[in-house]
Structures are given as structure tokens and as C-alpha cells.
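This briefing is meant for a reader who is meeting the structure for the first time. Please look over the sequence and the model before going through the points that follow.

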Amino acid sequence: TGALGGMVKSLSGNIDMADGISFHAVASLVREKDAQMAVTSFEQAKNMPGLGDLVKKISLSRSGTTLTTGGSISREDIENLKNNPMLGALMRK
């Protein structure tokens, strides 16, 4: 299995793509330190130029090894990502 396969015990959620992207997911990780690392990385991403405002529209919480996340981004947000010089190229591949 890949790195993610060795870290995640279970994953469930839903995605609605009717108007942009709305999602909710719950993941149970194998190790608590990996869950904490995910939260730390998420908090750091809020300060990234060109990405931070989008990350702030997403929630992430942790309880032990369980991560819960959700949020919504509009079609306009997606278009803005495509036009971002740093991130747009990754989305077009």
C-alpha cells in the first residue's frame, strides 16, 4: 500500500459538485501524531499566498486519531485557482 494506505484506518464522507464543491469527510488514522501533523499542515496552509483564503473556507478538527473536515468552494473559487500562476498549472494537467 502507499503512504496514505498505511496511515488511514477508515475514511467516509460525501461530495456535492452541483455548484462548486461541497464536502464532508471523517478519517480515522492509525497514529495520533499523523492526525496532529495534518492539523498543523492545514493551519500553515491558511497563510500561503494564493491558497490561504481558500483554505480558510474549509474546516478541520481533530479528536485523537479522528479528523473531521468539510467545506464549500464556489465555481468562482475554482476558476480563481485555475488562474493562480502557482497552482493553476497543477490543475490543468
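This is a predicted model: local features need pLDDT of at least 70, side-chain atom pairs count only at pLDDT 80 or more; totals for chains, interfaces and linings use all residues.

- The buried residues of helix 2 are D34, A35, V39, F42 and A45.
- Seen down the axis of helix 2, its buried residues fall within an arc of 145°, so they line one face of the helix.
- On the other side of helix 2, the residues K33, M37 and Q44 are exposed.

**Nonpolar cores**

- Eight residues make up the largest nonpolar core, namely F42, A45, L51, L54, V55, I73, I78 and L81.
- Two or more residues of this core come from each of helix 2, helix 3 (52–55) and helix 4 (75–83).
- Another core, which lies apart from the largest one, has five residues, among them A27, L29, A35 and L67.

**Strands 3 and 4**

- Strand 3 (residues 58–63) pairs with strand 4 (residues 66–73) in the antiparallel sense, and the pairing runs over six bridges.
- Within this pairing, G70 in strand 4 is the bridge partner of S59.
- The two strands, strand 3 and strand 4, form a hairpin with two residues between them, and G64 in the turn has a positive phi of about 65°.

Technical notes: Residues are numbered from 1 along each chain as its sequence is written. Side-chain values use heavy atoms; hydrogens and water are left out. Two strands pair if DSSP finds at least two bridges between them. Helices (H or I, at least four residues) and strands (E, at least two) are DSSP runs, numbered from the N terminus. Buried means under 20% relative accessible area, exposed over 50%, partly exposed in between (1.4 Å probe, protein chains only). The arc is that of the directions from the helix axis to the C-beta atoms. A nonpolar core is a set of buried Ala, Val, Leu, Ile, Met, Phe, Trp, Tyr and Cys residues joined through side-chain atoms within 4.5 Å.
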